[in-house]
Amino acid sequence: QVQLVESGGGLVQAGGSLRLSCVASGRIFSINDMGWYRQAPGKQRELVAEITRGGSTEYSDSVKGRFTISRDNAKNTVYLQMNSLKPEDTDDYYCKMVVVTRTRSDTYWGKGTQVTVSS
């Protein structure tokens, strides 16, 4: 059983910063892609940023230059540094990891952390 737990969300003023963390626990052999997604009520979940095991990154156009994704493989953790936050960044943020156990590879999601940016 693998669990992902996010932290770091909260309320911040426009222009401020937050750092999200997501740590995986359980019977983990390795973790391939890690990513952050966000979802507003009634809308589809959308990609914010992804990072491969080798460190290659991908960002949505709306966050390029403001957000930075990083990972610590030794700690099974992915981070999202969010700077210059805007009210439109307000959403629930979810982490996703492709986890390899001894026998298979599966995609896991965290339960989400709320980010609210006030104007």
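Here is the tour, after a quick word on the ground rules.

This is a predicted model, where local features need pLDDT of at least 70, side-chain atom pairs count only at pLDDT 80 or more, and totals for chains, interfaces and linings use all residues. Residues are numbered from 1 along each chain as its sequence is written, and side-chain values use heavy atoms, with hydrogens and water left out.

**Stop 1: residues 30-39.** Seven of its ten residues are buried, so strand 4 is largely enclosed by the rest of the structure; buried means under 20% relative accessible area with a 1.4 Å probe, protein chains only.

**Stop 2: the neighbours of strand 4.** Click Met34 and you'll find Met97 as its bridge partner. Now bring in strand 5, residues 46-51, antiparallel to strand 4 over five bridges; here Trp36 partners Ala49. Six residues sit between strands 4 and 5 in their hairpin, where Gly42 has a positive phi near 80°.

**Stop 3: residues 2-7.** Six bridges join strand 1 to the antiparallel strand 3, residues 18-26, with Gln3 opposite Ser25.

**Stop 4: the cysteines.** Which cysteine is joined to Cys22 by a disulfide? Select Cys95: the S to S distance is 1.9 Å, against a cut-off of within 2.5 Å for the two sulfur atoms. Cys22 lies in strand 3 and Cys95 in strand 9, so the pair ties together parts 73 residues apart in sequence. Both Cys22 and Cys95 are buried.

How values were computed: Buried < 20%, exposed > 50% of the residue type's maximum accessible area, 1.4 Å probe, protein only. Helix = DSSP H or I, 4+ residues; strand = E, 2+ residues; numbered from the N terminus. Pairing = 2+ DSSP bridges.
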